[in-house]
Amino acid sequence: MKMIVAPMLRIFFRPWMEGAENIPDEGPAIIASNHLSFSDSFFLPALMKRRVTFIAKAEYFNTPGLKGKLTAAFFKGVGQLPVDRSGVRGAGEAAIRSAIAVIDRGELFGVYPEGTRSPDGKLYRGKVGGLARVALQTGAPVIPVAMIDTEKVQPPGQVIPSFGIRPGIRIGRPLDFSRYQGMENDRFILRSVTDEVMYEIMRLSGQEYVDIYATAAKRQIAEEKKRADAERRAEQRAERAAEKEKQAAEKAEAAEREAARQESGEKEPGDS
């Protein structure tokens with residue numbers, strides 16, 4: 001599947017890549033990337049010189065319809081692992097176990113530290129947990145990666161990608177956290193490791209950093225949109241009410257003029 005998708009992406013989008021030499025030819029590593037678009041899940045694993053295994057939502061593997069089947073076929077073809085996220089705690093532990101198994105096989109494991117796609121192109125706080133714990137338990141280096149302009153190729157909510165935009169992948173130098181190995185239960189250390197990775201991703205991507213979680217940002221944006229929609233509907237209702245009042249006033253004024261005309265005995269133009 002990768003042999004089919006990668007050439008198609010290169011033909012239609014001409015993506016560029018910087019820092020490919022930072023990906024080791026062999027041995028385990030953790031690929032930590034920002035997450036701008038659904039298309040990241042195609043460009044990143046398809047264009048890497050080695051297979052990168054990501055943990056993917058189970059919905060990507062069981063969504064009905066042609067799009068669902070094609071997506072499932074691609075993810076299976078590039079070795080993505082489905083995880084049911086309905087039970088958050090259990091899903092997190094399952095994802096970590098799966099990640100460690102990938103590292104133990106000497107392969108590349110990919111993760112989006114933000115935990116979800118950015119709602120507005122900004123870089124959000126990395127979630128403490130999977131990335132740092134896997135890095136500290138396995139000793140594998142973390143390679144920061146920045147996806148560039150993929151949100152322009154496929155903005156949130158857009159199904160069909162936009163052509164004529166060249167997305168990019170910028171790969172940073174591996175980060176070594178072996179000095180913290182064995183401290184994976186120290187939340188302060190996990191936060192420190194995660195923040196260091198996010199700083200490198202910010203430096204590579206040039207994104208504005210926002211020190212809240214992307215999930216919280218999405219809720220804020222949704223609430224703001226809801227308030228804006230409510231305000232717009234209220235304004236529309238007020239405008240309709242004002243228009244009705246204006247029409248009623250004009251009608252009443254016309255009626256008064258007609259009544260006054262009749263009382264004065266005036267004739268309409270053309271009356272004999």
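In this predicted model, ring pairs join Phe12, Phe13, Phe43 and Phe163 into a cluster. The structure holds five aromatic pairs. One of them is formed by Phe13 and Phe43, whose ring centres lie 5.4 Å apart; with their planes at 80 degrees, the pair is edge-to-face. This pair links distant parts of the chain, since Phe13 belongs to helix α1 (residues 2-13) and Phe43 to helix α2 (residues 40-47), 30 residues apart. Phe13 is buried, at 8% relative accessibility, and Phe43 is buried as well, at 3%.

The rings of Phe38 and Phe42 also form an edge-to-face pair, with centres 5.6 Å apart and planes at 65 degrees. Phe38 counts as buried at 12% relative accessibility, and Phe42 counts as buried at 19%, because the limit for that class is under 20%. A ring also takes part in another kind of arrangement: the charged end of Arg125 sits over the ring of Tyr213, 4.9 Å from its centre.

In soluble globular proteins, nonpolar side chains tend to be buried together. Here, the largest nonpolar core has 28 residues, of which Ile31, Leu44, Met48 and Val145 touch the most other members. At least two residues of this core come from each of α1, β2 (29-33), α2, β3 (52-57), α4 (65-77), β7 (142-148) and β8 (168-171). Helix α2 gives the most, with five residues. Apart from its neighbours within four places in sequence, Met48 is in contact with Lys2, Met17, Ile23, Ile31, Val145 and Ile171. A second, separate core consists of 27 residues, including Ala99, Ala135, Phe177 and Val197.

Charged side chains are paired too: a search of the whole structure finds 13 salt bridges. Among them are the following.

| Glu93 | Arg133 | 3.1 Å |

The bridge between Glu93 and Arg133 links distant parts of the chain, from helix α5 (residues 88-104) to helix α6 (residues 130-138), 40 residues apart. Glu93 is partly exposed, with a relative accessible area of 32%. In the pair of Arg105 and Glu107, Arg105 is partly exposed at 48% relative accessibility, and Glu107 is partly exposed at 23%.

Asp229 and Arg232 both lie in helix α9 (residues 214-264), three residues apart, about one turn of the helix. Asp229 counts as buried, at 15% relative accessibility, whereas Arg232 is partly exposed, at 43%. Salt bridges with shared partners join Lys225, Asp229 and Arg232 into one network.

Notes
Residues are numbered from 1 along each chain as its sequence is written. This is a predicted model: local features need pLDDT of at least 70, side-chain atom pairs count only at pLDDT 80 or more; totals for chains, interfaces and linings use all residues. Side-chain values use heavy atoms; hydrogens and water are left out. Rings of Phe, Tyr and Trp (its six-membered ring) pair if their centres lie within 6.5 Å; planes under 30 degrees apart count as stacked, over 60 as edge-to-face and the rest as tilted. Helices (H or I, at least four residues) and strands (E, at least two) are DSSP runs, numbered from the N terminus. Buried means under 20% relative accessible area, exposed over 50%, partly exposed in between (1.4 Å probe, protein chains only). A charge sits over a ring if NZ of Lys or CZ of Arg is within 6 Å of the ring centre and within 35 degrees of the ring normal. A nonpolar core is a set of buried Ala, Val, Leu, Ile, Met, Phe, Trp, Tyr and Cys residues joined through side-chain atoms within 4.5 Å. Contact means heavy atoms within 4.5 Å. A salt bridge is a side-chain nitrogen of Lys or Arg within 4 Å of a carboxyl oxygen of Asp or Glu.
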